[in-house]
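Subject: Structure handover and findings

Hello,

Here is the structure I promised to pass on. Please open it alongside this note; my findings follow below.

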Amino acid sequence: MSYSHHAHVHAKTRKLFFLDFAVLFIAVWIGSVAYLSVETEQVRLLPDIFRVEVVLFILLQQLILLSLGLYELRLRESSRGIFRRILVAVGLSYFLVDVIVLNIFQFEPFDHYSVALISSISLILLTLFRVIVYDSQWLGFVKRRCIVLGTGERASIIEQRMRRKADRRDFELLGFVAQPGDKERLIRREKVYEFDEEALTSFVIENGVEEVVIACDQRRNTMPMDALFNFKIRGIQITDIIDFIERETGQIAVTLIYPSWVIYSNGFRSSNHFRESVDYFFNAGLALFILLLTWPIILLTALCIYLDDGRKTGASVLYTQERVGENGRVFSIRKFRSMRPDAEKDGARFASENDDRTTRIGHFLRKYRIDELPQLFNILRGDMGFVGPRPERPEFVKKYIGLIPYYAQRHYVKPGLAGWAQLKYPYGSTDEDTLEKVKFDLYYIKHRSIMFDILILIRTLEVIVFGKGR
């Protein structure tokens, strides 16, 4: 099975995108019919909505839905949380069209009143549609039926890491099948079966199993090869546990990796001079654009830090640290100071959630990522990009290279201001947290592409809008 970029925008996400487009088109049609009927005092069933402007209006709303995480199928949100995100998305699209677009361009068939009506209808229809999609198996969003071969250490990771309903949106786990190669049985809550090859084959066929996950602790001379061969011939998918976890969680299980998997797996494509040049000009151009937009915020932030405690302590509004970049090269990074001047009097340590070293305005700066703005100059210098693994301090890197498998491989690419690990696992103050973030970093390195970078940047807007920064 190929794990290229379609692993991120897989079939269900594409289907959801096109269905959302249809729902929003219906909202435009209903709103246009209702508005024109009031304006002309007669019902018009076919208003003039088959226009490029309508498509652009709908795609704008969908871009905002994407940036707020609403195309993340494993979104861990309640119905109220999903409604809140849709409300923010519709509100932002209304603001952009009504306040900005309509005042600059002729955007037929919209005017100020019709946009308000269409936005209200979009809010209702999108909310109802998402409830149907997430709480039922309508419209083809049927889960794959799968079983896991193994009940030992490797198999138990699935039980431990995929307990929630949101973790299993794409599959229905029928149970675990004990294997001779298991070191010990560690499955506690899920169904466990003991089958010989004939019984296993009958179970898979009778229950319509579509995928078999291989998670045995020891595979040599212990796996039911004849049964697996028959499954493969029947079109049933056979998936290694590393690939299964990668696909379902968006991370690479570094503790399970064996060298042959790295050698034979797809991905980990090397950069070339052309790609590096395109990356630099894209990042530098975007950095200049953001600097032009945010220079008043930068000046105001510097003033606030100075007035808050800089005037009393004489500390700088910026702080400088050494970080490890691409190929292990050390460079200096600058951020707005969000902690007290004596924050590291007892030595270097990770920032954490609700850190007691944070200043009065420091928490706000970190929550909305304002403290990161000076790093735009690092991007212009070429030390960093907008997207990549977060650069760490040399003392932490030295520690974790010896502690975490494949940790050094995260330095094969340029570090970034935003990243897949920051989106999926925002806090990292312990060794265990660092291990989890490395899994996401390696996933990014394996699958990185310009489109994946753009997806991460759009999703990072969710962090800023909802104040999820640390």
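Which residue lies over the face of Tyr71? Arg130 does, at 5.3 Å from the ring centre. Keep in mind that this is a predicted model.

Next, the aromatic rings. The whole structure holds 13 aromatic pairs. One of them joins Trp420 and Tyr443. Their centres are 5.9 Å apart, with 20 degrees between the planes, and the pair is stacked. Trp420 belongs to helix α14 (residues 420-424) and Tyr443 to helix α15, so the pair ties together parts that are 23 residues apart in sequence. Both Trp420 and Tyr443 are buried.

In α13 (residues 394-403), the buried residues include Phe396, Val397 and Tyr400. Down the helix axis, the buried residues of α13 fall within an arc of 95 degrees, so they line one face. They pack against β6 (318-324) and α15 (431-447). On the face turned away from that buried side, α13 carries exposed Lys398 and Gly402.

Now helix α7 (residues 225-233). Which of its residues are buried? They are Ala227, Leu228 and Phe231. Seen down the axis of α7, the buried residues span an arc that stays within 100 degrees, so they too line one face of their helix. Their cover includes β1 (144-149), α6 (197-206), β4 (211-214) and β5 (237-240). The face of α7 turned away from the buried side has Met225, Asp226, Phe229, Lys232 and Ile233, which are exposed. Note that Phe229 and Ile233 are on that exposed list, while Phe231 is buried. After α7 comes Gly235, with a positive phi near 90 degrees.

Last, Tyr258. This residue sits in the loop between α8 (241-249) and α9 (259-264). Is Tyr258 buried, exposed or partly exposed? Its relative accessibility is 27%, so Tyr258 counts as partly exposed. Beyond its neighbours within four places in sequence, Tyr258 is in contact with Arg154, Arg219, Asp240, Ile242 and Tyr406. Take Ile242 from that set: Tyr258 and Ile242 are 16 residues apart along the chain, and their C-alpha atoms are separated by 9.7 Å.

Best regards

Key. Residues numbered from 1 in each chain as written. Predicted model: local features only at pLDDT ≥ 70, side-chain atom pairs only at ≥ 80, totals over all residues. Heavy atoms only, no water. Buried < 20%, exposed > 50% of the residue type's maximum accessible area, 1.4 Å probe, protein only. Helix = DSSP H or I, 4+ residues; strand = E, 2+ residues; numbered from the N terminus. Arc of directions from axis to C-beta. Contact = heavy atoms within 4.5 Å. Phe/Tyr/Trp six-rings, centres within 6.5 Å; stacked < 30°, edge-to-face > 60°. Lys NZ or Arg CZ within 6 Å of the ring centre and 35° of its normal.
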